[in-house]
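Please look over the sequence and the structure, then read on.

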Amino acid sequence: MAEDGSDLDFNNQGGDNANGMDNAPSVGVLSQYIKDLSVENPNAPDSYNWGGQPQIDVQVNIQSNALNEEVHEVALRLNVKANGEKGVSFIVELVYCGLFGLRNVPEDAAHPFLFAEAPRIIFPFARRILADAVRDAGYPPLMLEPIDFNQLYMQQREQAGAQAGGDQPPVGQA
């Protein structure tokens, strides 16, 4: 196969790096864990007999904390409150974290990764934990719809840019 000129060399993809040097950007999930989980069922067992569908309020918050130059903790905070006509059925507060390794990633790429892509990666696991917590409290499992974290990130950036710019016209092509 090497005779036809199609020989591929996978040992030196990044150029002439010293042995063991890797300058290519890389990211990876190092660990995932529950940092905090609180389930409140303040009106049980009466709330099990309440008729009607409760109003479900879901709040989502994302935080990132650099543990060192290459490891970042991303915390996905989900607060869910179910209100019925007669009161609160349940409250679940979950902080689900992922440790992400980022090597040779520029800041302009790291920020969107930590606040959009990393939450997208850990959300399915947090969603399952939340569904199980609601089920274990005696209610049908709460299956949250998927969240488009990339769209939320873009909206947050646009809002921050609008607030920073005030009433100044945008710069660029019209």
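## Aromatic pairs

The model is a predicted one. Its aromatic pairs number four. One of them joins Y48 and Y139, whose ring centres lie 5.2 Å apart; the planes meet at 55 degrees, so this pair is tilted. Y48 sits in the loop between β1 (26-40) and β2, and Y139 in the loop between α1 and α2, so that the pair links distant parts of the chain, 91 residues apart. Y48 is partly exposed, with a relative accessible area of 38%, whereas Y139 is buried at 12%.

F123 and F149 form an edge-to-face pair, with 5.7 Å from centre to centre and 65 degrees between the planes. Because F123 belongs to helix α1 and F149 to helix α2, this pair ties together parts that are 26 residues apart in sequence. F123 is buried, with a relative accessible area of 5%, and F149 is also buried, at 2%. Ring pairs also link Y48, F90 and Y139 into a cluster.

## Overall make-up

The protein has two helices and four strands. Read from the N terminus, these elements follow the order β-β-β-β-α-α.

Of the 174 residues in the protein, 26% are buried. The accessible surface comes to about 11,900 Å², and carbon and sulfur atoms account for 48% of this surface. Among contacts between residues at least 6 apart in sequence, 67% join residues at least 24 apart.

## The largest pocket and S89

How much space lies in the largest pocket? The volume is about 450 Å³. The largest pocket is lined by 21 residues, and those closest to its centre are G52, Q53, P54, S89 and Y139. The elements that contribute two or more residues to this lining are β2 (55-66), β3 (71-84) and β4. By class, the lining consists of ten nonpolar, nine polar and two charged residues.

S89, one of the residues closest to the centre of this pocket, is part of strand β4 (residues 87-103). Is S89 buried or exposed? S89 counts as buried because its relative accessibility is 5%, and the cut-off for buried is under 20%. Beyond residues up to four places away in sequence, S89 touches E40, N41, P42, S47, W50, P54, A82 and Y139.

Which element gives the largest share of the lining of the second largest pocket? Helix α2 does, with five residues. By class, the lining has six nonpolar, three polar and one charged residues.

H72 belongs to strand β3. With a relative accessible area of 13%, H72 is buried. Leaving out residues up to four places away in sequence, H72 touches S64, N65, A66, L67, G98, L99, F100, L102 and L114.

V27 lies in strand β1 and is partly exposed, with a relative accessible area of 43%. Apart from neighbours within four places in sequence, V27 is in contact with G101, L102, V105 and F113. How far apart are V27 and L102 in sequence and in space? They are 75 residues apart in sequence, and their C-alpha atoms are 4.5 Å apart in space.

Definitions and conventions
Residues are numbered from 1 along each chain as its sequence is written. This is a predicted model: local features need pLDDT of at least 70, side-chain atom pairs count only at pLDDT 80 or more; totals for chains, interfaces and linings use all residues. Side-chain values use heavy atoms; hydrogens and water are left out. Buried means under 20% relative accessible area, exposed over 50%, partly exposed in between (1.4 Å probe, protein chains only). Contact means heavy atoms within 4.5 Å. Accessible areas come from the Shrake-Rupley method with a 1.4 Å probe; for residues, only the protein chains shown count as cover. On a 1 Å grid over the protein atoms alone, a cavity is a set of points where a 1.4 Å probe fits but cannot get out, and a pocket is an open set with protein on both sides within 12 Å along at least five of seven lines; lining residues have an atom within 4 Å of a point. Grid points are joined across faces, edges and corners, and a volume is the space filled by probe spheres set on the points. Ala, Val, Leu, Ile, Met, Phe, Trp, Tyr, Cys and Pro count as nonpolar, Asp, Glu, Lys and Arg as charged, and the others, Gly among them, as polar. Rings of Phe, Tyr and Trp (its six-membered ring) pair if their centres lie within 6.5 Å; planes under 30 degrees apart count as stacked, over 60 as edge-to-face and the rest as tilted.
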